[in-house]
Amino acid sequence: MGLGIALGNALSGLSAGNSSLEVLSRNISNAGTPGYHKQSMELLDKGSTGNSYVLQGGVVRAFNATLQASYNTQVADSSYASVMASYMDQLQTYMGKVGDSGSLDSVYNDFQTALKGLAASPDDYTARAQVVTNAQSLAGTLNRLSGQLQDMRQNTESAMTDSVNQLNQNLDTLKDVNARLSDFGTDDTSRQTLLDQRDRLVGSIAEQIDITASYRGDGSVALMTRSGVSLMDVKTAQFSFSPAGSLSATSQFDMDSSQSDVGTLTITTPSGATMNLVEQDVVKSGALGALIDLRDNTLPTAQSQLDEIASGLAQAFSTNQTAGTPTSSGGADGYTLDLSGSRGGNDLTFTYTENGKAKNARIVNVDDASKLPMDYVDADGTRVIGANFADGANSVAGVLNSKFGGKLSFSGTGSSLTMLDDGAAGKIDIKSATVRNTSSGTQDGGLGLSLFVDSKNADYTNSLKGNGEKLGFASRISVNSDVLANNSLLVQYDGSTPMGDTKRADYLNDQLNSMHFVSTDRTTARQGNFSISGNVGDLISQTINYQGNTVADAMANDDTQSQSMDALSQRMDGEYGVNVDDEMSRLMQLQNAYAANAHVVSVVQELLQNLMEM
């Protein structure tokens, strides 16, 4: 090997060592920098027999596309779980737990105790006043909880605005990074910095919305949602959110945007297409996905349950139940019912046996033609049929004859509805029939009393007109102003009732314990609802338990996702992170190699000097 070759080899080694030291220096200085990927200098062993030298390749950045894809997915899922857990923890604080002081069930129990005291001493002013006070507390608690739920929904819309702004900003920045990465004139050092910035931006976008990333050969990246909507491909998508302004308990999401009362989230894709992200169910995870689920599903479900409780309270006290009059025709037996006092939302119920099997039916007075036809089986197995009682008993009979297919027969004259069985002993037999109407006024309208009323002191009838009277009722329920002014109405169901009479107090207590309710599925378009049923106390305990379980599930999911994120982060640290000990060991190797090459240069220089002096 000639001196020139030896000198060239040594100089190439020195150059490679200097470049490697620069990379090593960057690694050590960025050892604690989030998102930094360790780098190394690619060194190529070149040459032929007897002449081996080092050729610099380029700076190699640690990167694993499969690992990065897992990270992006986990970031979105962890962000979703974290947002859900935060809101649900707040919800549990509001709702309380069964037995907690000030919780809905404790306030209800206090009211129920006061009502029992009224039955024991109806002539005691203090006992009556206690019922009124506790009734106000119960209505106020429902109002407060409803308001807090709507405040939380309002907060989700504010957070959605922030989320959309962050998405647009990060996508615009990522677009610029992509453009710079596509420029092959960019030096290696700048390119590695850009790649780190690219991955941080992709991670920030994944925090807000679920994505899949495609990494190109030039280092640029294309993004789309898990559902396949393009977010970035040369051009970027643009997110837009138009908040509703103010959300109330009646503000509901609807798949028909013209009927929706909540803010609208849209995207304009890189191709120029615009779509409603919520209607199309595009967002599957990330903070934005959690906020959508909270606003449109989780929190409205809680509101729906409060509305069921409020509805049950009002109906339990205001409902007068009138048993049908037994009747017969030929060999058929049944009942005659008077529908004249029925209002929208009131109903009639009857039980019958078919081949020995007991069945229940509830016929609802539907005062909104758009809700008809109505025919379904509720969560307790009762068949629910809708009919407009205002059309007369004969019209109601026609509806029922078409529904029961000749098994039972119905006829009507004026407001009088008659139902008969098939006349065959032991085959189909009607066992009972009852009309349930909302009491009119506070006296002379039966033992029922509209203790809890709707806005402007209006009787609550559970009318289905429009969005339905039940929607948001928990935010409006209050104690009847007439009872507030005169608590003797808790006892005097007519003008001559003595104050010691227990009939109304006993009736109200019995109704509260025996009247049965089943929740209806009306809150969401995308999520199945938990059905609550039973008396008012059952509705309350089931609601608190359901919300408690929902909170526990959210917390458990957050914990699971956090553990998965920690495990993945540790794996990424092992593959991408800088180990200072390893770098210092590499520094010693580079120093030794540098010293060796420098020594070769020195020796060659000395030899060449000697040759020049000969």
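How many residues does helix 3 have, and how far does helix 3 reach from its first C-alpha to its last? In this predicted model, local features need pLDDT of at least 70 and side-chain atom pairs count only at pLDDT 80 or more, while totals for chains, interfaces and linings use all residues. Residues are numbered from 1 along each chain as its sequence is written, and side-chain values use heavy atoms, with hydrogens and water left out.

Helix 3, spanning residues 104–120, has 17 residues and reaches 25 Å, close to the 24 Å expected at 1.5 Å a residue, where the expected span is 1.5 Å times one less than the number of residues. Helices here are DSSP runs of H or I with at least four residues, and strands are runs of E with at least two, numbered from the N terminus.

Helix 11 itself has 41 residues and reaches 58 Å from its first C-alpha to its last, close to the 60 Å expected.

Elsewhere, three strands form an open antiparallel sheet in the order 7-8-9, two strands being paired if DSSP finds at least two bridges between them. Strand 7 (238–242) and strand 9 (274–276) each have a single partner strand, so one side of each is left without a neighbour in the sheet. Strand 8 (residues 264–268) pairs with strand 9 over three bridges in the antiparallel sense, and Met-275 in strand 9 is the bridge partner of Ile-267.
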